Amino acid sequence: MKAFTRETSTVVTIPGVNCDTDQIIPGRFIKADRAQGYGQFLFHDIRRSETGELDPAFPLNRPAAAAATILLVEDNFGCGSSREGAVYALVDHGIRALIGPSFGDIFYNNALKNGLVPVRLPEADCQRLVQHLAAFPDAEVTVDLATGELILPADLGRHPIVMNDFARDCILRGLDEIEMTFTYLEQIEAFEKARIGSHAWLDR
Amino acid sequence: MAQASAPRTMLGKIWDAHEILRHPSGPSLLYIDRDMIHEGSFHAFADLKRRGLMPRRPKQIFGVADHYVPTRGRALADAASPAIATMIETFDANMEWGGLRHFGLKSREQGIVHVVAPEQGITLPGLTIVCSDSHTSTQGALGAIAFGIGQSENAHVLATQTLWQVRPKTMRVTIDGVLPQGITAKDVMLFLIGTIGAGGAGGHAIEFAGQAVRNMSIEARLTLCNMSIEAAARLGMVAPDEITFDYVRGRTFAPSEQEWDVALSQWREVPSDADAEFDREVHIDGSKIAPMVTWGTSPEDAVAIDGRVPEPASFEGEEKRKAAARSLEYMDLAPGTPLDGLKIDRVFIGSCTNSRIEDLRSAAAILKGRKSVVPAIIVPGSTEVKAQAEAEGLARTFQEAGFEWRDSGCSMCAALNGDFVNPGERCASTSNRNFVGRQGPGARTHLVSPAMAAAAAITGRLTDVRRI
């Protein structure tokens, strides 16, 4: 996993409450090999017209959006299917952080495992940011995971990035979780022995 | 020992029994009893192979081909495209590579993973169960911690049989009273999600309780827990009771008769203590619920069948108003339109929400001696459900009603296997998601119970099943 410490970028606003993972990546693309790159599938059906051309009105298709690595999203972003392809699509497109009032639980966890930083920001603050970006589309936001702060433009203030320390530490250091878990192998084995001992049917 | 004697919720008890250790920074390292694999898990296998690792506990991993399987036949050649056939082949190859038990396309035990797992006794009270599918919440109906994970976490489970997890908050949903005739667990869930919202249970584990739940069969409880993810819950669960124990007994991967008494004494300890405290409580009067139907593109867009398509202006907040307007545009519906009588083009009965034997019985009861006036397919949840429905004569009822009687799989719910709703078509569907494009690009989904879907088939319109 790519480590993340601090990211400063302009912000693209993705409209829609309950933006489910089917919108982030339609099901027909999730059988693709990751090596193909999933960025091409990001928001596929809502970014494009029926004939497949990029819709110039979709926020991510505007020329100014090309360099942005942070998205501002609405409530319950990433709800629905557990497909990690939704996170692959965002990451492969170059997105490094998301800001929104809430995220689907499985999506949130998938994001953390891929070094994509989802920042929960209260609804009212998200609203203020939307309004500010409408007036100042070039305004930059900084996601500083090292200090645990989201730094918004102008007078919108600094906000704590609420994330459990474990996940934060993994992302900051780009830690491989499986390798880290193997350091506890002795405890796992001892636990397992007792568990299987009292639940023999698990071992058939 | 004050801690141990404090009243605990079912979630707390099962969690504590699986916590190997707690990291100083918060999350628990949870032991995972069983992991279910499907075709979509190929990323996790690629990850293992890249690392040179093998599945650590093969006996605790089970595979089922469901998302991509053809429903018109059981040969690989029946797959809708070569790319789809490759998904099924890759699944078999990965399972064989890992030395993992799996129920492939031609297996008698094949079916939708969340139908198969309880059916085979893989899902048991008190277990931790994961699967790289959001509807893993279904399996909590037997009193287990069961939740969906992504492929990175799936690889972690395959490699270590553990997961780092933050304990969710608890929410008890009490459904009091007796459900009226014709009202099912599906209606209860659409009502609940319509009430608390698609994000309403975010960060919480739901425990369903109350008289209506105690009276429910396992099939109905599976439907309840299945849709808890549509309210953004981490998982759903129902306390195990005699109905659960009767259901589990004798199933292939359940404790044997020799082990039964030991298992039973463990399972009786699983339910929440009487005075356990939940972080949130929601009460629903089950006796007041009507047959439900969705009008929009989120499961929260649910109203009673005698209701109307709402006016976007009636919603609170600019985002909700915009979302409702977008939904109505996609669904091609005008505000104020009565749902009852809305013309539909197609019916789908199936999915991990509503494809178990009881669902099929309830649809057959409506269809008996009647004809569908629109194209309609019925996809049983498992090959075993299919055989049972044939033995009970239900299949014949469906065929006589003009339904296509298919082989089991996820089919038109996920629309990954080539079964889809055509662009612009309106489908009465017993699945769980009415998302934009979910059943195919441009597809318009109305979520309903199996009985309501059957009623819609015979009239060609969304119809109040209580009239039939």
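A: In this predicted model, the centres of domain 1 and domain 2 of chain A, taken over C-alpha atoms, are separated by 36 Å. Domain 1 covers residues 6–173 of chain A, and domain 2 covers residues 177–204.

Within chain A there is an open sheet of 7 strands, and the pairing in this sheet is mixed. Read across the sheet, the order of the strands is β4-β3-β2-β1-β5-β6-β7. The edges are formed by β4 (117–120) and β7 (158–160) of chain A; each has a single partner strand, so one side of each is left without a neighbour in the sheet. From one strand to the next, the twist averages 25°. Strands β1 (residues 6–13) and β2 (residues 70–72) of chain A run parallel and are joined by 3 bridges. At one of these positions, A:Val11 has A:Ile70 of β2(A) as its bridge partner.

The buried residues are A:Gly85, A:Ala86, A:Val87, A:Tyr88, A:Ala89, A:Leu90 and A:Val91. Among the elements that cover them are α1 (21–24) and α4 (105–113) of chain A. After α3(A) comes A:Gly94, which has a positive phi near 105°.

The description now turns to the side of chain A that touches chain B. Here 47 residues of chain A are in contact with 55 residues of chain B. On the chain A side, at least two residues each are supplied by α1, α4, α6 (165–173), α7 (177–182) and α8 (185–198). By type, the residues of this side comprise 14 nonpolar, 16 polar and 17 charged. Two of the helices that supply this side, α1 and α4 of chain A, are also among the elements that cover the buried residues of α3(A).

Across the contact, chain B has strands of its own. Strand β8 (residues 162–165) of chain B is covered on both faces: B:Thr162 and B:Trp164 are buried on one side, and B:Leu163 and B:Gln165 on the other. Strand β2 (residues 28–31) of chain B runs antiparallel to β8(B), with 4 bridges joining the two, and B:Leu30 stands opposite B:Leu163. Strand β11 (residues 235–238) of chain B also has both faces covered, with B:Leu235 and B:Met237 buried on one side and B:Gly236 and B:Val238 buried on the other. The pairing of β11(B) with strand β10 (residues 204–209) of chain B is parallel and extends over 4 bridges; there, B:Glu207 stands opposite B:Met237.

Finally, the backbone of one loop in chain B may be considered. Most residues other than glycine have a negative phi. B:Ser411, however, has a positive phi near 50°, and B:Ala415 has a positive phi of about 55°. B:Ser411 lies in the loop between β17 (404–405) and β18 (426–429) of chain B, and B:Ala415 lies in the loop between β17 and β18 of chain B as well. B:Ser411 counts as buried because it has 31 C-beta neighbours inside 10 Å. B:Ala415 is likewise buried, with 23 other C-beta atoms within 10 Å.

Notes: Residues numbered from 1 in each chain as written. Chains lettered and ligands numbered in written order. Predicted model: local features only at pLDDT ≥ 70, side-chain atom pairs only at ≥ 80, totals over all residues. Buried ≥ 20, exposed ≤ 12 C-beta atoms within 10 Å, placed from the backbone. Contact = placed C-beta atoms within 7 Å. Nonpolar A, V, L, I, M, F, W, Y, C, P; charged D, E, K, R; others polar. Domains from an automatic or database assignment. Pairing = 2+ DSSP bridges. Axes fitted to C-alpha atoms, helices over the stretch in contact; angles between N-to-C directions.
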